[in-house]
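Please work through the two exercises below with the sequence and the 3D structure open beside you. Try each task before you read its solution.

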Amino acid sequence: MLKIKKWQAWLIVAITLAIAIALICINLYVTQKTVIIIFLVIDFLIMTFSLNTAISLSIKFKPKPKKYPSKSFNFNPSIMMDNLIKNGFKENKAIYGNVYLKIADKTAYKVIVITDIEAYLNPNEQNNQKSSNLNLKNCTRFIGQEIFLQYNDKALQTLPDFSFQGKNIYYEAYYYDNENNILIEPNAITASIEFSDDVKKMKEDYLGLKENINENSDK
């Protein structure tokens, strides 16, 4: 199918409009008007189609990006990963980074640290081979954190959607600004009463996050 460019569509509109005006003028001075009217109808059909095409090509709907409340935290990746091990998290290596898991009672705490964004965004069979933990089947609550030490524009666009909570799950995502040594949460959700204590423990005790109040107050 032939694709019409925007300028071509507007050119056809201008030409058909000029032809329509000419035909109307001619129709005033001729006695046999039937042929002129037929050409005029055809011309108007072409002009209408071209006008609709030109308008659709010229006006494109651009949805406004959603604005999310964000937070930032003072952060050191090495200290955070050492702190997870000290607090009983088991570390597993993945192609895209490191996975830390701790099970306390029936709550599973999981931290994913992404160091290779391409491997993360383009998973293969080897990526998906995750070691199973039999204790997970007894867990009734899951608290997960994804920390992107490496990221790209594609990841940043979708990162706010990574933060959510449900009846038995609470999940958040962050990316690391290594120039300013801060961890940024692009979509800072508020934990429900059921999760608030465990989320506080995850952030403060396990991840060692200290909110950058001065930075957040400027946003």
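**Exercise 1.** Determine how the residues that line the second largest pocket divide into nonpolar, polar and charged.

*Solution.* The lining divides into seven nonpolar, two polar and five charged residues, where Ala, Val, Leu, Ile, Met, Phe, Trp, Tyr, Cys and Pro count as nonpolar, Asp, Glu, Lys and Arg as charged, and the others, Gly among them, as polar. This is a predicted model, in which local features need pLDDT of at least 70 and side-chain atom pairs count only at pLDDT 80 or more, while totals for chains, interfaces and linings use all residues. Residues are numbered from 1 along each chain as its sequence is written, and side-chain values use heavy atoms, with hydrogens and water left out.

Next, ask which elements contribute: strand 1 (71–74) and helix 6 (193–206) each supply at least two lining residues, and helix 6 gives the most, with five. Helices (H or I, at least four residues) and strands (E, at least two) are DSSP runs, numbered from the N terminus.

**Exercise 2.** Find out how strand 5 pairs with strand 4 and with strand 7, and how many of its residues are buried.

*Solution.* Begin with strand 4 (residues 107–114), which runs parallel to strand 5 and is joined to it by eight bridges; two strands pair if DSSP finds at least two bridges between them. Here Thr 107 stands opposite Arg 141 in strand 5. Turning to strand 7 (residues 169–177), we find seven bridges to strand 5, again in the parallel sense, with Glu 146 opposite Ala 173 in strand 7. Finally, seven of the eight residues of strand 5 (residues 141–148) are buried, that is, under 20% relative accessible area with a 1.4 Å probe, protein chains only.

Notes:
Buried means under 20% relative accessible area, exposed over 50%, partly exposed in between (1.4 Å probe, protein chains only).
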